[in-house]
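Hello,

Here is the structure I promised to pass on. Please open it first, then read my notes below.

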Amino acid sequence: MPKNSKVAKKELDEDVTESVKDLLSNEDMNDDQFKKSALYVDDSQTDKDVDIEEGSDTEDERPAWNSKLQYILAQVGFSVGLGNVWRFPYLCQKNGGGAYLVPYLLLLLVIGIPLFFLELAVGQRIRRGSIGVWNFISPRLGGIGFSSCIVCFFVALYYNVIIGWSFFYLSKSFQHPLPWDQCPLEKNGTKTFVVPECEKSSATTYFWYREALDISNSISESGGLNWKMTICLFIAWLMVCLAMIKGIQSSGKVMYFSSLFPYVVLICFLVRVLLLKGSLDGIRYMFTPKLEIMLDPQVWRGAATQVFFALGLGFGGVIAFSSYNKRDNNCHFDAVLVSFINFFTSVLATLVVFAVLGFKANIINEKCIARNADKILEMLKIGAVSHDLIPHHVNLSDVSATDYHQMYNIIKEVKEEEFLKLGLDPCQLEDELNQAVQGTGLAFIAFTEAMTHFPASPFWSVLFFLMLVNLGLGSMFGTIEGILTPLVDTFKVRKEILTIGCCLMAFSVGLLFVQRSGNYFVTMFDDYSATLPLLIVVILENVVIAWVYGTDKFMEDLKDMLGFTPFRYYYYTWKYVSPFILIALLGASIVQMCLSPPGYQAWISELGDERFLRYPPWGMAVCICLVLVAILPVPIVFIIRYFNIIDDGSNSLASVSYKKGRILKENSNLEEDDTSLLHSKTPSEMHSPVAGKSIYRKQNGSPTPEADTAPNGRYGIGYLMADMPESDL
């Protein structure tokens, strides 16, 4: 915290308390004096971005990015996360391969970039976190910022657990062979046998559910803490705390590694996998479009949801990061650049995933052919299949895929009635590629299984899980910044103390996710704590700018800030297109949630397989509470401010305490016209008209009682009156 922060105040004369209305009336009485005053600008501080506290001679310095590159890497690190690696490829695999890129790209242009640009612009213009920004623009809808912080906290709780899982796998990767390469053996006296749970599933699946998670059979069976994952979770929160404790001054430097390293790993993986057999089959499958699937509305809903979450809209991290920019930064360029970097990262990750899955599918297909060739050989020995059905050129000890499919089709035609009893498998490569896997199933089961077949598999395993850790940390930095920045701006607490307190509390609550049943709670939070609340938050953000503050006024503010008028395209998308699409997406999500039975995939150890289970009544109550707690601040703040429940008074939220004109507290906003930024701000929240310069006024006349109002409603975003003479207060 800078020395001249509002938290550190010199003791002056006796306290004085006046209502905001009195302060405003005093200001109106001095309008003539203000207009006659001469403006002096001190250029000695042009290198600093400084917020001038209204009514104070003290400057409130706000941290700034060391360079534009650091800022871009921070935004890229926040938006590019684990979803790009394990969610986007799954959607491509499920929704028509390359054809899925068409609706995704269209929706990125229609709702993704415009809304990302909107959040960047308001954060940069007002230079506050999400709470301060929406209080500034519309006090009655100031609950948007609080909802955003709550959602960020919920997501951070379980997102860091996934980073903890990645740490665990990273620690197990420094051995050869990899511990998930083979099923473990058990001894029973003189007999040695494969663990039944592993034999019924697979080595990688068993390692994930039993060795890593030590999972229980249902969410109701807690099973106690998993101490290995508890330690990994502590390490994850410790890294986040150390990186964030100094704000962007510390996290910004970490971004150089955490944002760039995943690209190095993805490119290395792509080059290596392309040299392996079958990788081109996977890529060919990806780029073979199934155009008919584009008519399915669920494909468009999935694409819109992915665009929405891929850019981190509504979390507050975008606003927080952009609030440390200079006001004349070209945030339109930033929005387009980061959005397309995010898109191309998703495509790159999809190429890698499909290449790996193609390689894995070929290995599984070869094993399937060898296994069924042995079956055919046994049938030939016992006479169940005639030797005449086997082509003469086929060598059953080394059967190619083409030869096997030829034998399979001949036997199927001849033995049409008895064919099912023979138990032969088709062993089609496409069948294996069609098995869509996402999330933890892709990262910790499918990908780990593929890496066991890589030459030098421990090396690639270390790289892969180190990449997941970096992807997760980059997103965590933005998520935590979306919590800390609004709270620091609003409550003026030391960031170091708040960071430590936030991380300790999150780790304590996060112990819920490292029980033996913790994976089921991760699923619950992922399904219910973010989707609906974030959609509602972004819809309200869009409506507040487009219809409450006004799109025309916002476009004028952007012209003044950027030095050029943004394309008219943004005017129509903000005002009409994106609200309509977002509301339709919200409705579709609610319908989908109602039609899908609320439940989770439970691992049944006796079966060695997953089964779908419904949440118990208390689980349903938790799901409902997650949604309600996240969105409740919006109506609560609206009701309090609309009905003026907290009255004016010396101890109320509608008063300001100060000492000789130096404001000490900023307690609330006036409940008047939401579109007027004058009526939504206490003087201490107002910003300097020129960023980075020390401003003061010399009085040339005496105050007059007449009030004069500027034609534009007096205030636009970022254009606020300079401080009133201390003597007049």
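Let me start with one contact. The side chains of K277 and E366 form a salt bridge, with N and O 2.7 Å apart. K277 sits in the loop between α13 (261-274) and α14 (279-286), while E366 belongs to helix α17 (residues 331-382), so the bridge ties together parts that are 89 residues apart in sequence. K277 is exposed, at 57% relative accessible area. E366 is partly exposed, at 38%.

Please keep in mind that this is a predicted model.

**Other salt bridges**

How many salt bridges are there? The count comes to 10. Here are two more of them.

E197 and R210 pair through their side chains, at 3.1 Å from N to O. E197 is in helix α9 (residues 196-200) and R210 is in helix α10 (residues 203-212), 13 residues apart. Are these two buried or exposed? Both E197 and R210 are buried.

R284 pairs with D281, and their closest N and O atoms are 2.8 Å apart. R284 and D281 are three residues apart in α14, so about one helical turn separates them. D281 is partly exposed, with a relative accessible area of 23%.

Why do such pairs form at all? Side chains of opposite charge can pair when their charged atoms come close.

**Helix α17**

Back to the helix that carries E366. How does the span of α17 agree with what its residues should give? It has 52 residues, and at 1.5 Å a residue they should span 76 Å. The expected span counts one less than the number of residues. The end C-alpha atoms of α17 are 75 Å apart, which agrees. After α17 comes G383, and its phi is positive, near 85 degrees.

**Strands β7 and β8**

Strand β7 (residues 599-604) is mostly covered, with five of its six residues buried. β7 runs antiparallel to strand β8 (residues 609-614), and six bridges join the two. I604 stands opposite D609 in β8. Four residues lie between the strands of this hairpin.

If you want a place to begin, look at K277 and E366, whose salt bridge is at 2.7 Å.

Best wishes

Key
Residues are numbered from 1 along each chain as its sequence is written. This is a predicted model: local features need pLDDT of at least 70, side-chain atom pairs count only at pLDDT 80 or more; totals for chains, interfaces and linings use all residues. Side-chain values use heavy atoms; hydrogens and water are left out. A salt bridge is a side-chain nitrogen of Lys or Arg within 4 Å of a carboxyl oxygen of Asp or Glu. Buried means under 20% relative accessible area, exposed over 50%, partly exposed in between (1.4 Å probe, protein chains only). Two strands pair if DSSP finds at least two bridges between them.
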